[in-house]
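Let's take a friendly walk through a protein model, one step at a time. Have a look at the picture first, and then read on.

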Amino acid sequence: MAKKWSQLIRNWMSQTMDLPPDVMMDLPRITMVGQIHIYIENHRGLLAFSDREVRLLLEQGQLLVKGKAFVIKTILPEEILLEGKIDQVIYINE
Amino acid sequence: MKNQWINGLIGIVRVKVTGRGVERFLNQLTRNEILIWNVKRHGTQAITFQIRLTDIKKLRGPARASECKIRFIERAGGPFFLQRLWTNSGFVIGAVAFFALILILSNMVWGIEIKGASPATEYQIRKELDDMGVKLGTPQFKVDNVDVIQRELTDKVKALTWVGVELQGTTYHFQVVEKAEPEKPELYSAQNLVATKKATIVKMFVEEGEQVVELNDNVKPGQLLVSGLIGKEDEKQPVAARGEILGETWYKSQVELPLNSTFQVFSGEEKRKYHLNIGSATIPVWGFGDHQYKEFEQETRDYRLKLLKWELPVIFKTETIREREEVNRTYTEKEAIKRATDLARKDIKNQLPEDATIKGEEILHQSIKNGKVKLSILFQVIENIAEGQPIIQGDEDDSRFENNGNPTS
């Protein structure tokens, strides 16, 4: 209940004070270059990695990237750069 | 990512991780601030990725904690490259030695070719070249410039009119033009002998012709000494008068010699420096430090290095610094007079033909003024004063001009 309250307050703050929501709310920031690159900031760890599927833990839920021939070009604690042919990006909420 | 080439210098290792929970292991690594890149999946169990060589030690802790096995499968980059270079250093040394050898061999004299010379002249030229240091197997930077060789050769070898010197690669080519010396005619045409100088005759040796003057006669230049017309009064035969008429002649010479003089000589001390000039950069090769000479003369010689047939932009510079000294010379009066006389005699000898001899000398006048000895010396010289003068037909009655103009009469 408390987590929900804080989320609501943050949401309200970013809307009324015009602050960037990814900073305020710990949301992932995803940059894609066509189908070949995907750059995800603000993730919380790697859950599964294969050449067809990458599963990342987020602050809320998970992110599932599907495609072919995946190679992790760089991985840092909160950032990941993925290369390959990306078909789908799916948010999974519990 | 951005400093990938720096990682390349440090050294890169490719790691293979097998086992369960490789993702957890990766998360652990990133949390420990280990840079990971190029993560690839191989089958269900294994992944590979690259890390820096310096991060290898940090891998140990997380690897122990996880259930994964680690293998290093590929090593690349700076240190590994160097290591390979070291194990294969024989090749590198061989390559360097090869180039050094080629470089040395391309800068040697490997051939001397002489064209257009007779065997005698060729032998002479080869001897002179030997003296100059142009020999097979000498490094070319020790040898003088082509122009210098040319000049010295033409000076020293008398039989040469011209010699072309060319350096093609490692071979010196000499194109020789010999003097075509005309053979002296054995038979002279009809001639008289006349005096060349004012002289007193001291000795006469007439091979052919009729002697006109006597011993101890004074003769003037142009005076007839031996006539080329012999025979009876009315039927004279023209012959080539030959012979040697030695006459006593006089030469006056004036010399001046300072009693005190200073001049500069080389002390014999010298320092040599060798440099390599590459572009504008100068690399000292041998001969370091500065010279301590107060007075000196510097001589530099440049030599452009070659590799096979190409000229390299590298100049080998030889610098020779010779010490100069100032020497004071003081003569006493007696010495000065003697030296001055010697000087005068030498001077006269230079002017005279080779077969002349100095019979005597007499000091006419001598003075010492302003620290200078002034001498005026008279030399008595015995020399051949005879000179051939051709006889032209009909010369006796001075009518040659009419005859020449009218050959049919």
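Of the 409 residues in chain B, 33% are buried. Keep in mind as you look around that this is a predicted model. If you trace the secondary structure of chain B, you will come across nine helices and 22 strands. How does the chain fold back on itself? Take the contacts in chain B between residues at least 6 apart in sequence: 65% of them join residues at least 24 apart.

Now turn to the place where chain B meets chain A. Here 14 residues of chain B are in contact with 15 residues of chain A. Together the two chains bury about 1,300 Å², and 60% of that area lies on carbon and sulfur atoms. What holds for charged pairs and polar pairs here? Between chain B and chain A there are zero salt bridges, while seven residue pairs are in polar contact, counting pairs with both residues at pLDDT 80 or more.

Which parts of chain B face chain A? The elements that give two or more residues to this side are α2 (22-31) and β2 (36-42) of chain B. The largest share comes from β2(B), with six residues. Sorted by class, the side of chain B that touches chain A has seven nonpolar, three polar and four charged residues.

Strand β5 of chain A, residues 62-75, is joined to β2(B) by four bridges, and the two strands run antiparallel. To find a spot in this pairing, look for Thr74(A), which stands opposite Trp37(B) in β2(B).

Arg52(B) touches Trp37(B), and its other contacts, leaving out residues up to four places away in sequence, are Asn7(B), Ile10(B), Gly11(B) and Leu35(B). You will find Arg52(B) in strand β3 of chain B, which covers residues 46-52.

Is Arg52(B) buried, partly exposed or exposed? Its relative accessible area is 24%, so Arg52(B) counts as partly exposed, since buried means under 20% and exposed means over 50%.

Finally, compare distance along the chain with distance in space. Arg52(B) and Ile6(B) are 46 residues apart in sequence, and their C-alpha atoms are 9.9 Å apart in space.

How values were computed: Residues numbered from 1 in each chain as written. Chains lettered and ligands numbered in written order. Predicted model: local features only at pLDDT ≥ 70, side-chain atom pairs only at ≥ 80, totals over all residues. Heavy atoms only, no water. Contact = heavy atoms within 4.5 Å. Buried area = accessible area lost by both parts, 1.4 Å probe. Salt bridge = Lys/Arg side-chain N within 4 Å of Asp/Glu carboxyl O. Polar contact = N/O pair within 3.5 Å; in protein donor to acceptor, adjacent residues only side chain to side chain. Nonpolar A, V, L, I, M, F, W, Y, C, P; charged D, E, K, R; others polar. Pairing = 2+ DSSP bridges. Buried < 20%, exposed > 50% of the residue type's maximum accessible area, 1.4 Å probe, protein only.
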